[in-house]
Amino acid sequence: DAGVIQSPRHEVTEMGQEVTLRCKPISGHDYLFWYRQTMMRGLELLIYFNNNVPIDDSGMPEDRFSAKMPNASFSTLKIQPSEPRDSAVYFCASSLVLGQVVGYGYTFGSGTRLTVV
Amino acid sequence: AQSVAQPEDQVNVAEGNPLTVKCTYSVSGNPYLFWYVQYPNRGLQFLLKYITGDNLVKGSYGFEAEFNKSQTSFHLKKPSALVSDSALYFCAVRDISNDKIIFGKGTRLHILP
């Protein structure tokens with residue numbers, strides 16, 4: 001397996017534009033997570049899915065953020081409209097289980113570095 | 001509420017010396033604790049976990065962590081540091097109320113040649 005695949009690796013966009021980040025989880029993993037990493041706030045969980053269903057989106061900062069998982073092999077995180085404060089590295093991760101009690105933890109993608117100017 | 005604290009933003013260690021990256025936790029019930037490493041421009045990678053059993057847990061790349069219940073600590077250690085160990089290290093704890101994993105702010109480890 002190629003691991004968790006995210007695209008694009010880098011995205012630079014102007015304020016007000018729509019941004020879509022993409023993720024392909026590891027085949028067979030039932031859980032998918034979207035995280036945001038910034039210097040100020042560290043690693044924040046935005047939302048996670050179980051079997052393609054959003055379970056907890058309490059970390060999504062505003063209505064400008066939305067996430068979907070139309071099937072087991074694809075998820076998107078959309079920001080519309082984007083703002084400079086959304087600039088961060090966005091990570092997708094997948095896992096067999098939620099609490100990491102079994103297995104080897106979450107598998108993270110390499111992230112998308114988003115810059116909103 | 002469950003939480004982890006990494007009191008050091010950065011740790012500098014000379015190559016070949018032992019290293020310690022500190023982590024303390026606050027949980028209700030038995031703690032499930034984890035360490036992850038993040039290399040530049042990469043996602044986090046799982047290093048090791050403590051669920052139960054031996055207080056000394058061995059993980060990837062020669063790292064180990066010592067669980068200390070009385071001090072509520074889970075420090076990451078390695079007997080002899082390599083320059084390639086330079087990275088950002090995250091301690092994490094499982095929140096038993098919702099099974100989510102809570103990450104610390106991270107500690108940047110610099111191994112000096």
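1. A word on the basis first. This is a predicted model, in which local features need pLDDT of at least 70, side-chain atom pairs count only at pLDDT 80 or more, and totals for chains, interfaces and linings use all residues. Residues are numbered from 1 along each chain as its sequence is written, chains are lettered from A and ligands numbered from 1 in the order in which they are written, and side-chain values use heavy atoms, leaving out hydrogens and water.

2. In chain B, strands β5 (residues 33-38) and β6 run antiparallel, joined by 6 bridges; strands are DSSP E runs of at least two residues, numbered from the N terminus, and two of them pair if DSSP finds at least two bridges between them. Gln38(B) stands opposite Leu44(B). The hairpin has 5 residues between its strands, and Asn41(B) takes a positive phi near 60°.

3. Strand β6(B) (residues 44-50) is mostly covered, with 5 of its 7 residues buried (under 20% relative accessible area, 1.4 Å probe, protein chains only).

4. Over all chains there are 18 aromatic pairs (ring centres within 6.5 Å; planes under 30 degrees apart are stacked, over 60 edge-to-face, the rest tilted; Trp counts by its six-membered ring). Phe91(A) and Phe108(A) are edge-to-face, because their planes stand at 80°, with centres 6.2 Å apart. This pair links strands β9 and β10 of chain A, so it ties together parts 17 residues apart in sequence.

5. Phe108(A) is buried at 8% relative accessible area, and Tyr106(A) at 2%. One aromatic cluster includes both of these along with Tyr36(B) and Phe46(B).

Notes. Buried means under 20% relative accessible area, exposed over 50%, partly exposed in between (1.4 Å probe, protein chains only). Helices (H or I, at least four residues) and strands (E, at least two) are DSSP runs, numbered from the N terminus.
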